Structures are given as C-alpha cells and as structure tokens.
Amino acid sequence: MLPDLIDPLLNIINSSLSLGYVPKTFKLAAIKPLIKKTQLDPNELTNYRPISNLPFLSKILEKVVSSQLSSFLQKYDICEDFQSGFRPYHSTETALIRVTNDLLLSSDRGCISLLVLLDLSAAFDTVDHNILLNRLENYVGISGSALAWFKSYLSDRHQFVAVNEEVSYRSQVQYGVPQGSVLGPLLFTLYMLPLGDIIRKYGVSFHCYADDTQLYISSRPGETYQFEKLMDCVVELKNWMTSNFLLLNSEKTEVLVIGPKTSACNNLKHCLILDGCSVNSSSSVRNLGVLFDGNLSFENHISSICKTAFFHLKNISKLRPMLSMSNAETLIHAFMTSRLDYCNALLGGCSARLINKLQLVQNAAARVLTRTKKYDHISPVLSILHWLPIKHRIDFKILLITYKALNGLAPQYLSELLSHYSPSRPLRSQNSGNLIIPRISKSTAGGRSFSYLAPKLWNNLPYNVRDADTLCQFKSRLKTHLFNLAYT
C-alpha cells in the first residue's frame, strides 16, 4: 500500500516547493485546547494552550521544509549561538548546563550573580507575518520561490476550535505561527534573531529556549551597580518586543540572586527595579523544569523530584499485583526514572546527603518492582536489574555529554568549555586524550561546574572507553565500566 502512495506524495511536495505555493486545505487547523498545568483552573481560558492539529500531508510537507531550512541555517551559521530550542544536539539540559556552569564559576570567584527569567505572553500567537517574512528575507537570506512558499504558508490560514466533538466557526489567522506544527517553533526562533544583538550591547550573558529567555550578569559584592546594565537591557528588550508585537509580562518575570550570603547580596534582594517596577527576588525559581535556588544547591529541586516520584510509586505499588514484571518496569521508568534522569548532569558534585535522597527513591522503586522486603539488602537487587546507582547515573550523563562535545555532537557553547591537554614539551601523556582541568577556588562552587567536573571524570576513564568509535559503542563501554565500579 505504502509504495503506491510514494509517487503521488512526492509529486505534491515537489510541486508545492517549485511553485512556491501551499494548498489551502493544508492550512486549516483544528484547535484543541490543552491545559498548561493540571493544577490550573480549567474554567480560565488563559490557562489553555491552543494546539493546532493540522492535516497529515501538511506535516509531511512542513517536515521536508524544516529539514532543508535547518540544513541551510547550520551551513551558513545563521542561528543564535545561545538559542537551544528545536535545534539538533541542543536541549533544555545543554542550555542549563551552560548557564549553571557560568553561574558556578562566578560564585567560585566570590561574585554575586543576578538571574532574570523573562516571561512572554502568548508569544507564538502574536508573531507578525510581515515582520517574520522580513526576517526570512533580510536576516536569513531566503528569496525567490522559497520566500514565495513561506508567504503562501503564512497567508490565508484558517482555524476552528474543537472541544468534545463540538466545533466552532472558521476564523482567519492573521497573526502567529501554529503551535503543534513542525515549522512553527523554528520560524519563531528566526523571528527572535535580533534579540541576541540587543543583549550583547549591555555585556549581559543570556540563553534562550524558544520563547523562554534568561539573562544573567555577575559582579563583585562592592560593585553591584553593574546590575544596572541588566535593568537597562530589560527596558530595551521590552521596547523591542512591543515594536514586534510581543508582550513581556513583567508580573510573571522572576529574579534570583545567586552568591554568598553577604550584606551586599541581601541588600540587592530588596532593591531591584525591573522595567520601572520594584521586584523582590525569589528564594527559588523554576528554570526549564529545574528549581534553582540562591546557592545552586538544587535542594529544592531534589525534594520536588522525591515528592513527585514517591507519589507515583505509591500508585504503581497498588497496581503491582496486577502487572507483569516488564509492564511494572515500564511504568517505573516512565513515571520515575524519567524524572530522576531529567537534567541530572546539573547534580554532579552535589552533597552526598542530597544524592542519597534520590537513591532512596530508586531503592524504593526496585523494592516495589521485585517485591523485595523492606530490610533486605538492595544492592544485589539493583545489580540484577542492571540499574546504575544515582551517583553513577549522574556521572554517566556528564561523560556522555562530554563525549558528544568532543565529537561534534553537542552545542558549540559546551564544546568550547573543554580543552585537550597539550604539554609544552614532549611527554608520554601527550597522546593520552586527557582534558585540561581548570583551577578552582571552592569545591562547592567551581568544583561542581561542567568545565571542571567533565574533564576530571573524563581523565579517570580507561582509554578503551574514551577511544570508542561511535556513540553507541561509547555508551555500552561506559555503562559496563560504571557498573563494575558500582557493584564489583
């Protein structure tokens, strides 16, 4: 059946691309509202995300265009270096590793850092099509039939709302890129391209993930006037967003002061003026799904993981008598292991007390899965399940990202944190593949940064693990090595 469809499908796609035209039926979206968070009020319309359900053929066509556009952007290095949304080898974890690394190194030098998480209201829905086409033509360099295709893609779009088998009337879409489409997120990141140039003018560090933008700047305790640069930067960003039909929500913008508990740091928490309004910093903020606190201990984040994981484990334990071993393990990995592993590269160097809290979660999951008694030794059970303990899972993730960074499979902003060891004179160690371990002042700050911890762990790996030819081979050898360390 499928081979019979390939030729007609190719004809449709190639005709669309060559003519610079998108069929009208490909641009009709069924909007199915999806509540943003389960704890939000379902009667409040602003708590829903308008997800566009588009025709299957439309998504195939968008996938082809997205692939070609991504290759073009990568070839000519057009993307923003510190934009991690919807890009190959980029993720929320790589973004947070870089931000955390910078903040920890600043703390290691005794500096105070200010982290501002900007919130945009309905960012995808307010994109102006004329401005977007101007970005594609003048910033990206798209012209001819390709630009005509994007004009056709954005024009004459319609949508209707579908809830409980009831549908609304069709309305024309004059602004925004469809959420739930393949091209929408990529087009939004191109719409935001000028943002980086504005921020760099003020000497402020930043990182973006789609519409989530975080700004941070560090300063010596006696030079907190430097933070005025960040405040001025936010003012210009808001003006730019206003002129580009984007709304910066000052009320939901969060601020976190990171650094030693000095009088300057405490005073800063009470005198922040952001966008003309006095803003009190928070004790912790949620940054791309991870809770950041004032000293980057991640204690609140780990407590949140444990609370959620035990809640799910309690429900799974009630179902365990009715489940097979494989089905129960699938549930545990889906609801618990995924949470234990999410951005766990940030937890390298955390205190043994906090790591042990996560280990207790894994131990409890193993007991429920294997029906092991409460006071039976758990290490043999974890070994039989072939589960790496939490500490080694963290090391596994850090080393995996290190391998990717050294082999062109990670963002450039992580690769530039690692340097190969090259002695000034011939030594036996010059071909060992070691990395340079930078000097630090404090093991509780600089010692937890990726730029310090990754080379330290890498240099301790056996040569046969580091010398793996492929990523799959490296993962296999690395897990075997860590497994032997944990249980042998």
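The questions and answers below concern ring pairs and charges over rings in this predicted model.

User: How many aromatic pairs does the count come to?
Analyst: Rings pair if their centres lie within 6.5 Å. By this rule, the count comes to 12 aromatic pairs.

User: Is the pair of Phe 86 and Tyr 209 stacked, edge-to-face or tilted, and which parts of the chain does the pair link?
Analyst: Phe 86 lies in the loop between helix H2 (56-75) and helix H3 (92-108), while Tyr 209 belongs to strand S8 (residues 205-209), so that the pair links distant parts of the chain, 123 residues apart. Stacked planes are under 30 degrees apart and edge-to-face planes over 60. Because the ring centres are 6.2 Å apart and the planes stand at 40 degrees, the pair of Phe 86 and Tyr 209 is tilted.

User: Is Phe 86 buried, partly exposed or exposed?
Analyst: Buried means under 20% relative accessible area and exposed means over 50%. Since the relative accessibility of Phe 86 is 43%, this residue counts as partly exposed.

User: Which arrangement do the rings of Tyr 403 and Phe 474 form?
Analyst: Tyr 403 in helix H14 (residues 390-406) and Phe 474 in helix H18 (residues 471-487) are 71 residues apart. Tyr 403 is buried at a relative accessible area of 3%, and Phe 474 is buried at 0%. With 4.3 Å centre to centre and 15 degrees between the planes, the aromatic pair of Tyr 403 and Phe 474 is stacked.

User: Over which rings does the charged end of Arg 135 sit?
Analyst: A charge sits over a ring if CZ of Arg is within 6 Å of the ring centre and within 35 degrees of the ring normal. The charged end of Arg 135 is 5.8 Å from the ring centre of Tyr 139 and 5.3 Å from that of Tyr 191. The rings are therefore those of Tyr 139 and Tyr 191.

Note on methods
Residues are numbered from 1 along each chain as its sequence is written. This is a predicted model: local features need pLDDT of at least 70, side-chain atom pairs count only at pLDDT 80 or more; totals for chains, interfaces and linings use all residues. Side-chain values use heavy atoms; hydrogens and water are left out. Rings of Phe, Tyr and Trp (its six-membered ring) pair if their centres lie within 6.5 Å; planes under 30 degrees apart count as stacked, over 60 as edge-to-face and the rest as tilted. Helices (H or I, at least four residues) and strands (E, at least two) are DSSP runs, numbered from the N terminus. Buried means under 20% relative accessible area, exposed over 50%, partly exposed in between (1.4 Å probe, protein chains only).
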